[in-house]
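Take your time with each task before reading on to its solution.

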Amino acid sequence: MDVKKYLRMVSASAWVGWQVESNWTEPLIFIGLQVIRPLASTLLFPLLYVVGMSFVGGKTDPSYLTYIVIGTVFFIPYISAAETAGQVISQDRERYGVLKSIYITEASLTPYLLGRFAAVVCTALISTTSSLIIAYATFMYVFNLPLTMTSINFFQLSTAVIAVLIGSAALFYLLPSVNLHTNKLHWSLAYYVLGFLYLTGDIIFPVSSLTHYATFLTYIIPVNQALNMLRAAFGLPIESNVYLTLTTPAGWLAFSMVVFNLSVKQARRKALLDRIGWW
Amino acid sequence: MKTNLRAVYARTYVRVKSQFREPEWLISDALIPVMVVFAAATLYRVSGSQQIAGFAVVGGVMMAFWDNVLWLMASQLYWEKESGNLDLFIIAPVSKMSILLGMSLGSIINTSIRAALIFLIATFVLKVEINLADPLALLLLFVLTLTALYGLGMLMSSLYLLYGRSVLNLNDVLTEPVYLLSGLYFPTIGKHSPFPAIIQFLASLIPLTFGIDGLRRTIILGESLGSLVSHFAVLAVLTAVLIPMAWKTLQYMENLGRRQGRLSLRWM
């Protein structure tokens, strides 16, 4: 297949994805979905920390507050990817019955998911940027709690953003691989994965604070290194490694693609690609 | 009256029965909030406020009810429309409120089991200190919170009656902001609230806010009935307002739907 044709297929599915993610809703709801909802999810844990410290009469550490804010803001692309990836098979196969049609096109499912992921990247970009700006302004000027974002290292920032996107793409292929074989996990699978990542992904605390035996997870999970590099990019004194930041999610993406292709083949063999009314 | 009570029982039965058709999902559904509760409790511990980690547990328990209200109360009539059951509900010779009431009772039973599992798992694993001094206050507060909350669910269900697929997006919009405002993991009303008075006032219009705060005070801080009078008053007022509003709204939306022929429209 030539590249031009492949790109046309990806852009067609990106357009479908954009319609599903945004254009099916009214502008106010779209703003709610892409700005207010992620902002609320961004503020939840930093404020928990602030209120917790106020309750016990302790002092809020600006560095740790910044650690949590950066973690929750840049976790948004993973949330967006996991939520859409968790639903995409159920929507296309069960609800709209189009999965079989997409499957028999020349491009089939892999570029289709890439296009849908591109739409998620667009919406996540809006959500992440708006959450970062509003959260920063809210903590600095409404709550009078300074965030220690002293500088920006653009090399680290761009490297980490690429790693976030690669890690999100890995999730985007992994969850449908599971959902092709079941119709019962489309609600819960994404939240299992996100719940696990909240615990182990260095989002609101270092995974090593669970137990030091869990420290190795920081090098295995495709989220930790990227978030820590983002923190370093904004001037927090956190160690980061460019090589690990890129290779860990890249390894996960390669693994996800292999699993996805095997999963599609297996689903075809078991006649699951057009199975509807599976209750 | 008898027919309506039978409709309530029938709708409750369907909901409870469907839950126990696959009981393993009870545990599975309980584990999702447990992971986020563990994360919130760990954040309390890591930051040095471990003694209030139980706040996150109470929030996790009530999160199950809020999710249930959004996805299995508010959007239920939309699901019924999609699956073709709404037409049957409309032509059935019963009050539509009895169907909503049955849905609520079934949901409360199912979600209470799930909530109890979340509470037990989280308190056991996190070794949360329980300081329950007044079980009667806890029971009354819990019942009143659920009555007000499911009153809101019935109201939302009526409002969603004519919506199309954007209800799913609307539910998504309402999930995290309500987690934040209602104080799922930390108090959002009172002296420790990070929010200004106007936001605290708006937050208190959500039944969960005073409900969670009261439950936290009884279960974790060991407060009794006497110190929770304002909580009871606010929840009672919300109940008294929300349920009649749900009734009126349902009648209005049903009539509007009949006039516009939108009650059985799908995929819009």
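**Exercise 1.** Find the handedness of the crossing of H1(B) and H6(B), then describe how the two helices pack.

*Solution.* 
- Step 1: In this predicted model, H1(B) and H6(B) cross in a right-handed way.
- Step 2: Locate the two helices: H1 covers residues 2-21 of chain B and H6 covers residues 96-126 of chain B. Their axes lie 7 Å apart, at an angle of about 35°.
- Step 3: Look at who meets whom. On the H1(B) side, the residues include B:Ala7, B:Val8, B:Arg11 and B:Phe20. Their partners in H6(B) include B:Leu101, B:Gly102, B:Leu105 and B:Ile109.
- Step 4: Sort this contact by class, and you get ten nonpolar, eight polar and two charged residues.

**Exercise 2.** Work out how many residues of each chain are in contact between chain B and chain A, and how much area is buried there.

*Solution.* 
- Step 1: Chain B brings 45 residues into contact with 41 residues of chain A.
- Step 2: About 4000 Å² is buried between the two chains, and carbon and sulfur atoms give 76% of that area.
- Step 3: Turn to polar contacts: five residue pairs between chain B and chain A count, with both residues at pLDDT 80 or more.
- Step 4: Ask which helices of chain B take part. H2(B) gives the most, with 15 residues.
- Step 5: Sort that side of chain B by class: 29 residues are nonpolar, nine are polar and seven are charged.

**Exercise 3.** Find the salt-bridge partners of A:Arg37, one in chain B and one in chain A.

*Solution.* 
- Step 1: Recall the general idea that side chains of opposite charge can pair when their charged atoms come close.
- Step 2: Between chain B and chain A the count is one salt bridge. Here the side chain of B:Glu176 meets that of A:Arg37, at 2.7 Å from N to O.
- Step 3: Now stay within chain A. A:Glu83 also forms a salt bridge with A:Arg37, with the closest N and O atoms 2.8 Å apart.
- Step 4: A:Glu83 sits in helix H4 (residues 76-95) and A:Arg37 in helix H2 (residues 27-55) of chain A, 46 residues apart, linking distant parts of the chain.

Note on methods: Residues are numbered from 1 along each chain as its sequence is written. Chains are lettered from A and ligands numbered from 1 in the order in which they are written. This is a predicted model: local features need pLDDT of at least 70, side-chain atom pairs count only at pLDDT 80 or more; totals for chains, interfaces and linings use all residues. Side-chain values use heavy atoms; hydrogens and water are left out. Contact means heavy atoms within 4.5 Å. Buried area is the accessible area (1.4 Å probe) that two parts lose on being put together, summed over both. A salt bridge is a side-chain nitrogen of Lys or Arg within 4 Å of a carboxyl oxygen of Asp or Glu. A polar contact is a pair of N or O atoms within 3.5 Å; within protein, one must be able to donate a hydrogen and the other to accept it, and residues adjacent in sequence count only if both atoms are side-chain atoms. Helices (H or I, at least four residues) and strands (E, at least two) are DSSP runs, numbered from the N terminus. Ala, Val, Leu, Ile, Met, Phe, Trp, Tyr, Cys and Pro count as nonpolar, Asp, Glu, Lys and Arg as charged, and the others, Gly among them, as polar. Axes are lines fitted to C-alpha atoms, for helices over the stretch in contact, and angles run from 0 to 180 degrees between N-to-C directions. A crossing is left-handed if the near helix is turned anticlockwise from the far one by less than a right angle, and right-handed if clockwise.
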